[in-house]
Each structure stands twice: as structure tokens, then as C-alpha cells.
Amino acid sequence: MKMDWRLIAAVAVGGALGSVARYLIGALIQDRVATALPVGTLAINIGGSLLLGFLVRLGLETSAFGPEMRFFLTTGFCGGFTTFSTFSYETFRLFEDGEYRTAGLYVIASVVLALLGCAIGMSVAGRLISMGRTGLSAD
Amino acid sequence: MQGLKGQRVLMRIHVGEREKYEGKPTYEQIVQLLRTRRLAGATVFRGIMSFGATAHVHTVKFLELSGDLPIVIECVDSAEKIDEILPDLDSMIGGGLITLEKVDVIVYRAGAERSSG
């Protein structure tokens, strides 16, 4: 891969914003919900996947934004926002504590709902794009 | 608008999406140049997978490899007009590819002038 400071900078800034946003939102959600299930991380991974699916499709199928903006938003922001490592850690802790049902529920919910989120994000972007195209052909 | 029919040249320009010329995307600058020089028209395509002289793979399938997707610009005009613009294109394109081929233009018209029979 070609090292390119503009793309690296885009990913760096996006990642910084995304991970700080995750830290704040994750803590906020978990703080308000008294449950063994890590709903903060769960909500973030679902939300981030939805956003990524939406942005990738919009970025690749329209000329709404160029590659730098695309990397800032996707690999950078969504990459920093979502967290697979925290999901792994939290699952492991649930297992250690003997909360097998919660751990299993967390794994299934994370994978299924994040995938669904990504699919929904992509389909919403697809709808938007085809609406835009219809709008264009009308004039 | 019928003047283009007959033996013409199809020029195909391959560049990377991230390639810049004077701070703007090279493909946009190329289309602008073709338009300013009154060539018959141009179409820009973005590909979904490619490799070129560096042998690096670019693909939409892996997010981290989608940073420099292939762009193809097609333009059809007379051999003279294409030849005339080639030196400028050469100086605008950093890494890329330009090919020419002979084509027969069958139809060339604006949308409003539909053939009546």
C-alpha cells in the first residue's frame, strides 16, 4: 500500500474523534442502564456499523465526497467509534464471572445486530441514491 | 451534431481516484480540459477493483484497500483532436495509462434530437 500522509491524517483525526465519541457515549449509556449486559458497547457497535454501511455506500456510489473524506469518516471515525477489542474483553469477563447466558446473548446480539445495522445503513444509502437519481432525471 | 459519425478515435485514460493535479482530482481536471478544448464528450467510470504499474491491489471489497479506486475516462473524437490534446494529458497524469483505439461512431446527438425514423 502506498503511504500517503493525507489519508493517514484523515484516518488519524477521524479515529481520534470516533474513539472520544465512543468513550463519552459508551460511558453515558452504561451509566444509565443497570444491567450485566454491556449495552453501551453493544449500542456503539450497532450504531457504528449502521453508520459505516451508510457512509461506504454513499461514498462509493456517488461523488458526494472524495477518498480523504471517505477514509476520515469510515476507517477513521467509525473505526475509532466501534470496538471489537472491548467486545472481546467484556465477553471474556462475563464468562469468567460465570454469566454464561449474558455472555452468549452479548455475542449473538453483537454479531447479528451489528450485521443488521450495516445492512440497514447500506440499504438506506441505496434508497437515498436512487431517490437522488430519480430527482435528477426529472429535470 | 451529426459531424462525429464515421471513423474516430476512442481514448481511454486510466488514473487513480486519489490522483491530484493542481490540488484537484486529476479526472475532474481532465474532463474540464476536454470540455474547454471542445472535444465531443467524455464519460468517467469508477471501477471496483484494479492493479497497475505498482501491482498494488485496489478494491471496494476491503475498506482499507479502497483508498485509490480506478477511474477510467473515455472520450471519442477525431484523431487530430485527440493527438492535439495528448501532450497536455501526459503532463497532467502522474501514474496512469492512456490508450487509443479506432472506433466507428454510429450515433452522436444530444438528448432532444431523437431520430425520427
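Is Arg38(B) buried or exposed? In this predicted model, where local features need pLDDT of at least 70, side-chain atom pairs count only at pLDDT 80 or more, and totals for chains, interfaces and linings use all residues, Arg38(B) is exposed, with 8 other C-beta atoms within 10 Å. A residue is called buried if 20 or more other C-beta atoms lie within 10 Å of its own, exposed if 12 or fewer, and partly exposed in between, with C-beta atoms placed from the backbone. Residues are numbered from 1 along each chain as its sequence is written, and chains are lettered from A and ligands numbered from 1 in the order in which they are written.

Arg38(B) lies in the loop between H1 and strand E4 (42–46) of chain B; helices (H or I, at least four residues) and strands (E, at least two) are DSSP runs, numbered from the N terminus. Its phi is near 60°, a positive value in a residue other than glycine. Ala55(B), likewise a residue other than glycine, has a positive phi near 65°. Ala55(B) is placed in the loop between strand E5 (49–50) and strand E6 (58–59) of chain B, and is exposed, with 6 other C-beta atoms within 10 Å.

Chain A contains 5 helices and 0 strands, in the sequence pattern α-α-α-α-α. Its C-alpha atoms fill a box of roughly 60 × 35 × 30 Å along the principal axes. Of the 139 residues in chain A, 37% are buried. Among contacts in chain A with a separation of 6 or more, 75% join residues 24 or more positions apart; a contact requires C-beta atoms, placed from the backbone, within 7 Å.

Apart from neighbours within four places in sequence, Leu55(A) contacts Leu73(A), Thr74(A) and Cys78(A).

In chain B, helix H1 (residues 26–36) packs against helix H2 (residues 79–92) at an angle of about 160°, with the axes 11 Å apart. H1(B) is therefore roughly antiparallel to H2(B). Axes are lines fitted to C-alpha atoms, for helices over the stretch in contact, and angles run from 0 to 180 degrees between N-to-C directions; those under 35 degrees count as roughly parallel, over 145 as roughly antiparallel, 65 to 115 as roughly perpendicular and the rest as oblique. Thr26(B), Gln29(B), Ile30(B) and Leu33(B) in H1(B) meet Asp88(B), Leu89(B) and Met92(B) in H2(B). This contact has 4 nonpolar, 2 polar and 1 charged residues, where Ala, Val, Leu, Ile, Met, Phe, Trp, Tyr, Cys and Pro count as nonpolar, Asp, Glu, Lys and Arg as charged, and the others, Gly among them, as polar.

The contact between the chains takes 10 residues from chain A and 9 residues from chain B. On the side of chain A that touches chain B, H2 and H3 of chain A give two or more residues each, and H3(A) gives the most, with 4 residues. By class, that side of chain A has 6 nonpolar, 3 polar and 1 charged residues.

How values were computed
Contact = placed C-beta atoms within 7 Å.
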